[in-house]
Amino acid sequence: MVKVDKKWELRLYVAGKTPKSVTALSNLKKYCEEHLKGQYRIEVIDLLEQPQLAEGDQILAIPTLVRKVPEPIRKIIGDLSNEEKVLVGLNIRPA
């Protein structure tokens, strides 16, 4: 029997290297290392470079974090500075 680790696919939408975007990415990396070590992948999408990608995930504000896997898809808007809200929002920690 093969044990399959749960993988987390996270997509962070930003617009350039604004202070909010940089903070969001650094907060996200910190939480992932603390709670999902070795089980996550972060994809950063800069909408200044690829604006057409906003439509696919219906991005209305930035920065926005989208959890693609595990389903269901979840979104969190902002700089991700409230760790508790992010962990509950991503369903890493129960509400």
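The side chains of glutamate 33 and lysine 37 come together in a salt bridge, with N and O 2.4 Å apart, in what is a predicted model. Glutamate 33 is partly exposed, having a relative accessible area of 34%, whereas lysine 37 is exposed, at 59%. Elsewhere, salt bridges that share partners join Arg11, Glu43, Asp57 and Lys68 into one network. The count of salt bridges comes to five, and the table sets out three of these pairs.

| Salt bridge | N to O distance |
|---|---|
| Glutamate 33 and lysine 37 | 2.4 Å |
| Arginine 41 and glutamate 9 | 3.4 Å |
| Arginine 11 and aspartate 57 | 3.1 Å |

The salt bridge between arginine 41 and glutamate 9 links distant parts of the chain, since arginine 41 belongs to strand E2 (residues 40–46) and glutamate 9 to strand E1, 32 residues apart. Arginine 41 has a relative accessibility of 47% and therefore counts as partly exposed, and glutamate 9, with 31%, also counts as partly exposed.

Arginine 11, which lies in strand E1 (residues 8–14), forms a salt bridge with aspartate 57. This pair too links distant parts of the chain, with aspartate 57 placed in the loop between helix H2 (53–56) and strand E3 (64–69), 46 residues from arginine 11. Both arginine 11 and aspartate 57 are buried, and their side chains also make a polar contact at 3.1 Å. Leaving aside residues up to four places away in sequence, arginine 11 touches Glu43, Ile45, Asp57, Thr64, Leu65, Val66 and Lys68; among these, Glu43, Asp57 and Lys68 are joined with Arg11 in the salt-bridge network.

Definitions and conventions. Residues are numbered from 1 along each chain as its sequence is written. This is a predicted model: local features need pLDDT of at least 70, side-chain atom pairs count only at pLDDT 80 or more; totals for chains, interfaces and linings use all residues. Side-chain values use heavy atoms; hydrogens and water are left out. Helices (H or I, at least four residues) and strands (E, at least two) are DSSP runs, numbered from the N terminus. A polar contact is a pair of N or O atoms within 3.5 Å; within protein, one must be able to donate a hydrogen and the other to accept it, and residues adjacent in sequence count only if both atoms are side-chain atoms. Contact means heavy atoms within 4.5 Å. A salt bridge is a side-chain nitrogen of Lys or Arg within 4 Å of a carboxyl oxygen of Asp or Glu. Buried means under 20% relative accessible area, exposed over 50%, partly exposed in between (1.4 Å probe, protein chains only).
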